[in-house]
Amino acid sequence: MRRIGDWSKEAELRRILRGLGSSPPRCTSKCEGCTPCKPVHVPVPSGTPVTAEYYPEAWRCKCGNKLYMP
């Protein structure tokens with residue numbers, strides 16, 4: 001269960017990470033139970049068809065050394 005302070009911390013993190021371009025995803029429950037699950041920018045590998053994402057970077061959720069789709 002989240003406390004009110006947790007929501008404001010998440011909102012602040014999203015504001016900092018957003019910068020230019022798209023907003024970071026909410027990574028809540030995206031890392032298959034691993035914590036902490038945080039949004040990160042990752043490069044799209046060359047040769048990968050990029051249909052839904054215009055830029056060569058994409059948002060993913062990261063926990064430890066594993067990346068998950070948001």
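**Fold, core and loop geometry of the predicted chain**

In this predicted model, the secondary structure of the chain amounts to one helix and three strands, and these elements follow one another in the order α-β-β-β when read from the N terminus. Helix H1 covers residues 4-18 and strand E1 covers residues 38-43, with a loop between them. Among the contacts in the chain with a separation of 6 or more, 37% are accounted for by residues 24 or more positions apart.

The largest nonpolar core consists of five residues, namely Cys27, Cys31, Cys61, Cys63 and Tyr68. In soluble globular proteins, nonpolar side chains tend to be buried together. One member of this core, Cys27, is in contact with Cys37, Lys38, Pro39, Arg60 and Cys61 once its neighbours within four places in sequence are left aside; of these partners, Cys61 also belongs to the core.

The loop between H1 and E1 also holds Arg26, which is exposed, with a relative accessible area of 52%; this value lies over the 50% cut-off, and Arg26 therefore counts as exposed rather than partly exposed. The C-alpha atoms of Arg26 and Lys38 are 8.2 Å apart in space, although twelve residues separate the pair in sequence.

Most residues other than glycine have a negative phi, and most peptide bonds are trans. Against this background, Ser29, placed in the loop between H1 and E1, has a positive phi, near 65°, and Glu32, which is placed in that loop too, likewise has a positive phi, near 50°. Both are residues other than glycine. Ser29 is exposed, with a relative accessible area of 74%, and Glu32 is exposed as well, at 70%; because the cut-off for this class is over 50%, both residues fall within it. The peptide bond from Thr35 to Pro36 is cis, with omega near -5°, and Pro36 is again found in the loop between H1 and E1.

Technical notes
Residues are numbered from 1 along each chain as its sequence is written. This is a predicted model: local features need pLDDT of at least 70, side-chain atom pairs count only at pLDDT 80 or more; totals for chains, interfaces and linings use all residues. Side-chain values use heavy atoms; hydrogens and water are left out. A nonpolar core is a set of buried Ala, Val, Leu, Ile, Met, Phe, Trp, Tyr and Cys residues joined through side-chain atoms within 4.5 Å. Buried means under 20% relative accessible area, exposed over 50%, partly exposed in between (1.4 Å probe, protein chains only). Contact means heavy atoms within 4.5 Å. Helices (H or I, at least four residues) and strands (E, at least two) are DSSP runs, numbered from the N terminus.
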